[in-house]
Amino acid sequence: MRTSSYFLPTQREAPAEAEATSHRLMLRAGLVRRLASGLYTWLPLGRRVLRLVETVVREEMDRTGALELLMPMVQPSELWQRSGRREDYGSELLNFPDRHGQEYCLGPTHEEVITALIGQELSSYRQLPLTLYQISSKFRDEIRPRSGVMRAREFLMKDAYSFHQDQGCLARCYQAMHDAYSRIFTRLGLEYRIVEADSGQIGGAISHEFQVLAAAGENAVAIDTTSNYAIAAELAPCPAVGEPPPPSMALQTVHTADCHSIAAVCQHLNAAPECALKVLVVAARGGDPIALLLRGDHTLSAVKAGRATELELPLRFIAADELRSRHNLQPGVIGPIGLKLPLIADHAAAELADFICGANRQGHHYTGANWGRDAPLPQRADLRCASQGDPAPSGGVLEIKRGIEVGHIFQLGQKYSIAMNAQLNAEDGSLFHPHMGCYGIGVSSIVAAAIEQHHDETGILWPISMAPFQVALVPLGHHRSAAVAETAERLYGELESRGISVLLDDRAERPGVKFADMELIGLPYLLVIGERSLQHGMVELRRRGGEERELPAEEAAAQLNALLSNSISTT
């Protein structure tokens, strides 16, 4: 491909609202353009990257025996009512009527559609196991789209669904998909962790996420430093250590003026957040308030809290106005002493002594508060997300990393086949609901995740398996030098004849402009042809982000082919 005939609108600067590194670089490198909030047009260079990711995904899906199909993005809303998920998804599920008044939605996933298909088309256990997959656009009406394609409303996804006669067969397929996902992300050159995860709105008893480790990740991942153990921080067990020590301080009321947060109160009192107690008032089922107690430096796990007690799900915090008007509570100074609400304390909060807490009076807190003496020890539960340095179940220490979810696999069991009344004939003539698995990969989010892991101050550094072109061929002054132009054309033909994807920068631009653009778009190899080097029969090879060296011009195509072959074989 020649830049003179290629649509490559690079930018020197990215829009100010592009906060994530991948978002900025995808805009600057001409991979995508924003159409509206959370909606992006993939330009030719970005589409090439997407196709490379799709190719790896397809090869590994086909290797498992899965069969590709394509389902509509537009789905009858009635299917979601039958499964019971229409209310669960809430406003993220975009519903609309057609001209006949029938309700439809834009599908964020396809469990209902595929289960309805299987219920119509299969009749016998002899037709199982069966795994079907697609790579298609999905739509989720995100409240606040952010980070470019990492959290977009429309996104490209690979979703696969498997059907089985029993749980044992499902477990074997689940492991095969687990292994296929590992091969996919390894081939794509990503550093990732396989993480025990919550099944969320998809459902099922067992699920694992594939998290690409990156500072820009939205998810906290707890990793054992001494083993392969990894789990979502919101799920990592944080068990009780013991009972609180006996009091050593007297209870005192202190004036804290307008301090309404743990950080502000602790700064005012010159105390550490781990010495304070925070109270979160949430809605139980039925709407009544319940108080969850955490240590000041800890974060509530909504998943654990939902499992520990009868809370309204999704978790709903009682608004400040409602706390004041209906429950006579002052936000920012709520504490357990004398509080007339049901209390559940995280284990670490229940093990505090001489702690700081709200005094339930505007502008006041307690210091030296203790369980037993000042307030009854409440019901205890594991309510918090794991923190850096917590003990790991396997005996090591947890390290908290940020992750970008690029894959998620689920053992769904019979949730959807029962809800959608999909039944097949068993060997003995009875009817049974097949067991299902679900396996998703965020194809478009993989592109952003790769950039978050592979970039420097000048642009993207693509892994070889994802590079839109493997080689940038940069002739300098070729409009003035016949030798440079002739060598560039010869190498371009030789490289393409060897199956190497090449971008020939034949623009009449200054060398600095060419180099800046090629470094920005991040192609693995740069082959520079200059008149001075050609006088000695040489061209310059630059590895993006790596070494530079000269090659004989006559051998450049063969040597570059060998380098690329070796790079691909090691991914």
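A salt bridge is a side-chain nitrogen of Lys or Arg within 4 Å of a carboxyl oxygen of Asp or Glu. This definition bears on Arg28, which is buried yet has no salt bridge. The model described here is predicted. Its chain contains 16 helices and 30 strands, and buried residues make up 53% of the 571 residues.

**The chain as a whole**
- The C-alpha trace of the chain spans about 90 × 70 × 55 Å along its principal axes.
- Among contacts in the chain with a separation of 6 or more, 69% are accounted for by residues 24 or more positions apart.

**Arg28 and its surroundings**
- Helix H1 covers residues 21–28, and Arg28 lies in it.
- For the buried Arg28, the nearest side chain of opposite charge is that of Glu13, 5.9 Å away.
- A polar atom of the Arg28 side chain lies 3.1 Å from the backbone oxygen of Arg12.
- Leaving aside residues up to four places away in sequence, Arg28 touches Pro9, Thr10, Gln11, Arg12, Glu13, Ala14 and Leu520.

**The open sheet of four strands**
- Strands in the order E14-E15-E16-E19 form an open sheet of 4 strands with mixed pairing.
- Strand E14 (277–283) and strand E19 (379–381) stand at the edges with a single partner strand each, so one side of each is left without a neighbour in the sheet.
- From one strand to the next, the twist averages 30°.
- Strand E16 (residues 343–346) and E19 run parallel and are joined by 3 bridges.
- Within this pairing, Ala345 has Arg380 in E19 as its bridge partner.

**Strand E18 and its partners**
- In strand E18 (residues 364–369), 6 of the 6 residues are buried, so the strand is largely enclosed by the rest of the structure.
- Strand E13 (residues 252–255) runs antiparallel to E18, and 4 bridges join the two.
- E17 and E18 form a hairpin with 5 residues between the strands, where Asn360 takes a positive phi near 60°.

Definitions and conventions: Residues numbered from 1 in each chain as written. Predicted model: local features only at pLDDT ≥ 70, side-chain atom pairs only at ≥ 80, totals over all residues. Heavy atoms only, no water. Pairing = 2+ DSSP bridges. Axes fitted to C-alpha atoms, helices over the stretch in contact; angles between N-to-C directions. Buried < 20%, exposed > 50% of the residue type's maximum accessible area, 1.4 Å probe, protein only. Lys, Arg positive; Asp, Glu negative; His and termini not counted. Polar contact = N/O pair within 3.5 Å; in protein donor to acceptor, adjacent residues only side chain to side chain. Contact = heavy atoms within 4.5 Å.
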